[in-house]
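The following paragraphs go through a predicted model.

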Amino acid sequence: MKALVEARPEMVPTMLQWMADARVEIVAAATERADDGRARTAVTLVMAAMIEVAHRFAVTSREDLAERLRTVVSEMGRLAAG
């Protein structure tokens, strides 16, 4: 994604719309497991972590992505805790 944005910056609005649409669907799925507020917060946290992972790392597999996401979400938690 990072390489695409750098190579084709005109794609940014389309990518942002795709992310917004995906978020709506993911929140809907998450509300099956948690109340609406918690679902929205969890989805926002993970999507923010995805953006940070995309900026910081070259991900090579699903397992690598999962590990990187856990790392970034843990960092976010420590920052929030003060």
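A residue counts as buried when its relative accessible area is under 20%, and as exposed when that value is over 50%. By this criterion, the buried residues of α2 are M15, A22 and V27. Their directions from the helix axis cover an arc of only 140°, which puts them on the same side of α2. The opposite face, turned away from the buried side, carries the exposed residues P13, V24 and E25. The cover over the buried residues of α2 includes α1 (2–7) and α3 (36–56).

The length of α2 can be checked against its residue count. Helix α2 takes in residues 12–30, which is 19 residues, and at 1.5 Å a residue it should span 27 Å. Its end C-alpha atoms are 26 Å apart, which agrees with that expectation.

Along its principal axes, the C-alpha trace spans about 40 × 25 × 25 Å.

Of the 82 residues in the chain, 13% count as buried. Among contacts with a separation of 6 or more, 23% are between residues 24 or more positions apart. The chain exposes about 6,200 Å², and carbon and sulfur atoms supply 61% of that area.

Definitions and conventions:
Residues are numbered from 1 along each chain as its sequence is written. This is a predicted model: local features need pLDDT of at least 70, side-chain atom pairs count only at pLDDT 80 or more; totals for chains, interfaces and linings use all residues. Side-chain values use heavy atoms; hydrogens and water are left out. Helices (H or I, at least four residues) and strands (E, at least two) are DSSP runs, numbered from the N terminus. The expected span of a helix is 1.5 Å times one less than its number of residues. Buried means under 20% relative accessible area, exposed over 50%, partly exposed in between (1.4 Å probe, protein chains only). The arc is that of the directions from the helix axis to the C-beta atoms. Contact means heavy atoms within 4.5 Å. Accessible areas come from the Shrake-Rupley method with a 1.4 Å probe; for residues, only the protein chains shown count as cover.
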